[in-house]
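Dear colleague,

I am handing over the structure that we spoke about, and my notes on it follow below. Please read them with the sequence and the coordinates open beside you.

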Amino acid sequence: MLGKYSKHSNIFTLFIIMISVFVIISIFLPNKFLTVRNFQSMFSQIPEFGLLAIAMMLAMLTGGIDLSVVATANLSGIVAALVLTKYNIFQTGGYEEIYTILLAITAALIVSLICGFLNGVLVAYVGVPAILATLGTMGLFTGISIIVTKGYGIVGFPGKFLYIGSGTVFLIPIPMIIFIICVLAIVIIINRTTFGFSVFMLGSNPIAARFSGIRNENILIKAYMVSGLFAGIASIIMISRVNSIRPGYGEVYLLQAILVCVLGGVDPSGGEGNLYGLIMGIFTLQILQSGFNILSFSPFFKKVIWGLILILVMVINFYREKESPKLLKKV
Amino acid sequence: MPENSEKFLEVKNVSKSYVGVQALDKVSLSIHKGEIDCLVGENGSGKSTLIKIIAGVVQPDEGEIIINGKSFKKLHAIDSIREGIQVIYQDLSLFPNMTIAENISLNQMVERKRKIISWHEINDIAEKEISRINKELNLEEKVENISIANKQLVAICRALTQDAKLIIMDEPTTAIAKKEIDFLFSVITDLKKRGISTLFVSHKLSEVLKISEKVTVIRDGKLVGVYNTKDLNHDKLSFYMSGRKITNSAFNYQKEKLEPKKPLLEVKDLSKKGNFQDISFKVYSGEIIGITGILGSGRTELALALFGLNKPDSGNIYIDGKLANIKYPKDAIDLGLSYLPEDRLNQGLFIKKSIGNNIVVTVLKSLLSRFNLINNNNKYKSAKEWTEELNVLAPSLDTSAQSLSGGNQQRIVIAKWLATNPKIFILDGPTVGIDVASKSNIHHIIRNLANRGMGVIIISDEIQEILNNCNRLIVIKEGRMVKEMDTNEVSEDKLLEILSRKIV
C-alpha cells in the first residue's frame, strides 16, 4: 500500500512543480510567454524531444541507459535525407515523390532498429555496462554520420515530406499527432504486454528475472531496439521540421532526455518509472526551455542550468529515498 | 543463574517504535560477567532492534541501559564501545581487500591515534589475538580469500583488540558448517574463561541449547521470559518463541496410493567439471527427496544444472521418461520443473515489486487476453488464488515484497512456482532464515504438494529438515554422491557422522 501511495504522491508533486513553473513564468513574462506563437513553438519541439526521452526511458527501465539516442536519430535522419535528395524528384512529383518519402522513412527506421540492435547485443550478450556500450556506439554512429556527409548538412527535402514536420490536422501539428500515437503505443507496450512486464521485472532484479524463466538477453535486445526505433521516429520529425540535417544536430537533447526521465521519476537503477511522470517531465522542461529562450539565455548558460537541475533532482531523490518509510521492514 | 557474579549489562524496560510499529515494548535483559547468553526470537520479533539499542546505534524511546553500574539515558555508539561492548553483525563489516592482520588491527590503530602506520605493530596485534583463540591463520592473506568461518574469527579478534567485555554475535552460524560451528563454540567458551561475556543471537534452537547458560526469549517486541538453559528443551523453547505448539512428525510417502510406475525425473551420470560428478538419481511422483551436503559440496550447482542455469558437461536428464533438452530456465519451466532458489532476496524475489507481480512473473502467457495483451483481472485473479491458497499475510496484492516477513516472502516464491503447475519442484534451502512457525507451515505446504503427486527435491544442510520431511535422501560431498538411503533407515547422529566423514 505504501508503495502505491508514494508513487501517486510522486506524480502529484511533479504535477505541482509543472504548474508552478508554468505560473511563475507566466507571471514574469506574460506578454511573451502566453502567446499563441510561443505555444505553437513549444508544441512543435515537444514531439521530437519527447520521443527521444521515451527512448531513453526504455533503456533506463531495464537498468541501463542509452547515450546513443541522439546519435541514432542523427544517423537515421541522414540516411533518410540521403534517400530524399538522391532522386531528383522535384520535377517528377506525384506518385514517385510519395514512393521516395516512404522509402526514406523505412530506411531511417531500419537504420534506427539496427543501431538499437547493436546496443542490445553489446549489453545483453557481450555484457558491457550500458553506459559504456552506448557511449561507444554514440561515438560510432556520430562518426559514421560525419563520414557519410563529410561533415556538411543536407538541405532541401520534397515539399510533401516537409508536411510531416510542419503540417497540421484540425489545427493540431502533425508531429504532435505522431507523438500522441507513439505515447499510446508505448503505454500499451510497457503496461500490457509480456515484453513490457518483463522489462520492469528485469530492470528491478535481473538475477531473479533469469531465475523466473525470463530470457534476459531477448528482452534487453528488444528494449534497445524499441529505444532505437523511437529515436528513428524522432529523426523523421526532426529533419522534416527544419528541412535539413547535419551531424551533431540536437546534441543538447541527450542531457535533456536523461533529465526528463529522472525528473519524471524513472529510477536510474531500473525497474521503476511510468509515462505520466515522463510526460509531465517533458512539459515542465519545455516550459522552462521556452522561458529561457524568451529571456534569450545563451545555449551554454542553458546547458549549465540543465546540468544543475539534473544534479538537484538526483540529490532530492536521494534524500527522499532515505526519508521514505522503509524502516518498516527492518523492525 | 550465577547471581553471585556481577551484572555487566542491564537493559531495563526499553521501548522503541518505528512509524506506527512497536518494535520493542518494555523489554529487559541482563548479562553477567563471563556469561554466555542467548537472545532468541522469530524474525521480526525485535532482536535486531534490541542489539542496535545496546550498541548505541538506535536510541530507545524510553527505558534505561546500565553498563558496569553506569546508567545511560542516551547511549551513543562510542559510549557502548568504550564500555567494552562489541557487536559482530551478520555481514561482519570487514574490509575484503585488506589482509587479516590489517583488519584485526585497524580499530586499534585508530584508537591509538596512529598517523603513521607501523607494519610491525599491526602484525604484533593481530598475531597476539589470533594465538589467544588458538587458531592459526596466514596474517598476510586478504580477507576476501578466506572462508566465512575464518572471517568470523577475524571479526572476533578485531573485537578483542578493543578490550571487549561483551561480544554480541548476530546469527553467527547461518553460513558456516558444523565443524566450524564447533570451533566457534570452543572460542566462545574460552572467552568465558577470560571473563568476557557473549550474547549469542540465533533462532537455531539446537545451537542455542548447546552453547548458552541463559536464554532470553522475545516475541512481537515483548519479553516472553528469561530461562536457564538447563530447564529448557527444543519443544519448550520453540513454543516460547512462536507461542504455538509445533510438532515434528515424519513425512509419510504414500507410495501405495500413488502407485508410481516410471520416475518423474531421472538424472543419469550428470557431470560438470569442478561442480559435480556422475550424479544419478530418480524422483517418483509423491516423493520428497532430500539432497544434503555442506556449503560448496555441489548441491546448488546440481540444482542449477537441472534448471538450465549451469550447463552440465555430460549426462542426461529425463522428465517423464523423455530426454529433456534444457538450455534455459524457460525450457525447464515448460517441462514442468520449478526451482526455488537458495538466495530468496536476490534470486527468488523482485524485492521492490508488488506481491502480485512477483507471483505472475512466471505465468505471463496465461494472463493474455484479446490482442495478446495482459489482462489485469487475470493477473489479480491468479495472484489472489495463490496468496489465499498459501495463506500469505499481506495488506494487499500491491504491497511490495520487501515489506513482508521472511516466511511470507518465501510463500510468495513458492506461489510463483505453483502457478506454473509444476510436476517437479526443487526447493533449495526452503526455510533459510525463516522463523519456527513459518518453517513448519512451509514444510506442511511441501508435504501437501507431494501428497498430491508432485515430485519434490529439498536441498538443505539442516539435517532435521531433511529427516523430517523427506522419504529418501542423497548425501553429496565434493561433488559426488556418497550415499543414497531412505530417511527411516538413518538417525540424526548417523547422518551427521556420514556428513563429517572424510572421503578416502
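**Around B:Leu50**

Leaving out residues up to four places away in sequence, B:Leu50 touches B:Leu24, B:Val27, B:Leu29 and B:Leu39. Please bear in mind from here on that this is a predicted model. B:Leu50 belongs to helix α1 of chain B, which runs over residues 47-55, and it counts as buried because it has 28 C-beta neighbours inside 10 Å, where 20 or more are needed for that label.

Chain A has 15 helices and 4 strands. Its radius of gyration is 20 Å, close to the 20 Å that the globule rule gives for 331 residues, so chain A is as compact as a globular protein of that length. Taken along the principal axes, the C-alpha atoms of chain A fill a box of roughly 75 × 55 × 35 Å, and 44% of the 331 residues count as buried. Of the contacts in chain A with a separation of 6 or more, 81% are between residues 24 or more positions apart.

For chain B, the secondary structure comes to 18 helices and 20 strands. A compact globule of 504 residues would have a radius of gyration near 23 Å, and the 25 Å of chain B agrees with this. The box filled by the C-alpha atoms of chain B is roughly 70 × 55 × 45 Å along the principal axes, while buried residues make up 46% of the chain. Among the contacts in chain B between residues at least 6 apart in sequence, 70% join residues at least 24 apart.

**Domains of chain B**

The domain assignment divides chain B into domain 1 (7-242), domain 2 (249-336 + 422-504) and domain 3 (345-421). Taken over C-alpha atoms, the centres of domain 2 and domain 3 of chain B are separated by 25 Å, and the contact between them takes 11 residues from domain 2 and 9 residues from domain 3. On the side of domain 2 of chain B that touches domain 3, helix α16 (residues 436-451) of chain B gives the most, with 4 residues. The residues of that side of domain 2 divide into 7 nonpolar, 3 polar and 1 charged.

**Where the chains meet**

The contact between the chains takes 35 residues from chain B and 25 residues from chain A. On the side of chain B that touches chain A, at least two residues each come from β2 (21-32), α11 (329-334) and α12 (344-348) of chain B. By kind, the residues on this side of chain B are 16 nonpolar, 13 polar and 6 charged.

**Nonpolar cores**

The largest nonpolar core has 167 residues, and those with the most contacts inside it are A:Leu52, A:Ala53, A:Met56, A:Met57, A:Cys261, B:Ile426 and B:Val456. Helix α12 (residues 216-242) of chain A gives the most to this core, with 16 residues, and the core also draws at least three residues from each of domain 2 and domain 3 of chain B. Apart from it lies another core, of 63 residues, among them B:Phe8, B:Ile53, B:Val143 and B:Leu160.

A:Met57 touches A:Cys261, A:Val266, A:Gly273 and A:Leu278, not counting residues up to four places away in sequence. A:Leu285, in helix α14 (residues 275-294) of chain A, is buried, with 25 other C-beta atoms within 10 Å. Beyond four places in sequence, A:Leu285 is in contact with A:Gln256, A:Leu259 and A:Val260, whereas A:Gly270, 15 residues away in sequence, is 22 Å away in space, C-alpha to C-alpha.

**Confidence in chain A**

Chain A averages a pLDDT of 86, and 92% of the residues score at least 70. Confidence in chain A is lowest in helix α5 (residues 89-92), at a mean of 55, and highest in α12(A), at 94. Over residues 1-5 of chain A the pLDDT stays under 50, and the model has 11 contacts beyond four places in sequence for them. Residues 325-331 of chain A also have a pLDDT below 50, with 15 contacts in the model beyond near neighbours in sequence. Where pLDDT is low, the predicted coordinates should not be read in detail.

With best regards

Notes: Residues numbered from 1 in each chain as written. Chains lettered and ligands numbered in written order. Predicted model: local features only at pLDDT ≥ 70, side-chain atom pairs only at ≥ 80, totals over all residues. Core = buried A, V, L, I, M, F, W, Y, C linked by C-beta atoms within 7 Å. Buried ≥ 20, exposed ≤ 12 C-beta atoms within 10 Å, placed from the backbone. Domains from an automatic or database assignment. Contact = placed C-beta atoms within 7 Å. Nonpolar A, V, L, I, M, F, W, Y, C, P; charged D, E, K, R; others polar. pLDDT = per-residue confidence, 0-100. Rg over C-alpha atoms; globule rule 2.2 N^0.38 Å.
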